[in-house]
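I opened the model today to look up its fold. My notes follow in the order I took them.

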Amino acid sequence: MISGVIHVLELDMRRHGLFEPGDCVTYDGFHQYPELLGGDVYVIDEVLGDMVRLHEFPEGKYDSYLFSEYYSGDSFQHYITTASEEETGETHWLIPEIGEGYTLRLRRLNCLRSEESLKDIDISEIQWNQNEKYGVTGETLHCPCCNGERVLYAELQYPGILLDGTTTSTGCRYLAIDGSHRIQKLLYYGSKTARCYVFHIDEVRNYFEKLIKEH
Ligand SMILES: [Zn+2]
């Protein structure tokens, strides 16, 4: 279990902003470069001091510190979307501190990972999706959303993501925004704690983007 975690941290600390041609990177900035989309993956073509050229945009030069290395196997991949109970029939995804109709690409949080943010949290303090939504407990590997598939094959060594400082519908201190299936599996196999990255809502607030509704 430990080796998996150390691996993740080594990747993060090894090279941030220091790239070589051919590296895959995610864009961590906002509107500094309007042609780039936050959280999207690009390829470094050339390194020019603190600047880089991207294969996809050969004309531009970009500040390398607005990028971080990307590995498909070592990266938060999902999205979360905040919505109201009225809209979804669920309570879980409305984060009052963010409001309705926002989405967060979890990959954008890759660059926030650090040794300090990785913690062992008591699962009783975590609001996790299937428990809040369906009343599922750790007595079963079954999950109504995926027929248990995602619980059974959840990778326990990979840390989930918790938000601190939000108002949860169950009153739990932490909100799991990634890793709910892992939490169910951990409980099933007798764990009382989950190793997760914990971010305060104020750290991640700016990474939520307004959801453009499709009609
Ligand atoms: Zn499920």
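How many helices and strands does the chain have? I count six helices and 13 strands. Helices here are DSSP runs of H or I with at least four residues, strands are runs of E with at least two, and both are numbered from the N terminus.

I note that this is a predicted model, where local features need pLDDT of at least 70, side-chain atom pairs count only at pLDDT 80 or more, and totals for chains, interfaces and linings use all residues. Residues are numbered from 1 along each chain as its sequence is written.

**Entry: whole chain.** I looked up burial. Of the 215 residues in the chain, 31% are buried. Buried means 20 or more other C-beta atoms within 10 Å of the residue's own, exposed means 12 or fewer, and partly exposed lies in between; C-beta atoms are placed from the backbone.

**Entry: the open sheet.** I followed five strands in the order β4-β3-β2-β1-β5, an open sheet with antiparallel pairing. Two strands pair if DSSP finds at least two bridges between them. β4 (57-63) and β5 (67-69) each have a single partner strand, so one side of each is left without a neighbour in the sheet. I then checked β1 (residues 24-27), which three bridges join to β5. Val 25 sits opposite Glu 69 of β5.

**Entry: Asp 50.** I found Asp 50 in the loop between β2 (41-48) and β3 (51-54). Is Asp 50 buried or exposed? Asp 50 counts as exposed because it has 12 C-beta neighbours inside 10 Å. Leaving out residues up to four places away in sequence, Asp 50 touches Asp 63, Ser 64 and Tyr 65. Contact means C-beta atoms, placed from the backbone, within 7 Å. I also checked Leu 18, which is 32 residues from Asp 50 along the chain; their C-alpha atoms are separated by 8.0 Å.

**Entry: cores.** I looked up the largest nonpolar core and found 23 residues. Such a core is a set of buried Ala, Val, Leu, Ile, Met, Phe, Trp, Tyr and Cys residues joined through C-beta atoms within 7 Å. Ile 161, Leu 162 and Ala 176 are among those with the most contacts inside it. β10 (160-164), β11 (174-178), α5 (180-188) and β12 (193-200) each give two or more residues to this core. A second, separate core has nine residues, including Val 25 and Phe 67.

**Entry: β10.** Four of the five residues in β10 are buried. β10 runs parallel to β12, joined by five bridges. Ile 161 has Tyr 197 of β12 as its bridge partner. With β11, β10 pairs in the antiparallel sense over three bridges. There, Leu 162 stands opposite Ala 176.

Methods:
Two residues are in contact if their C-beta atoms, placed from the backbone, lie within 7 Å.
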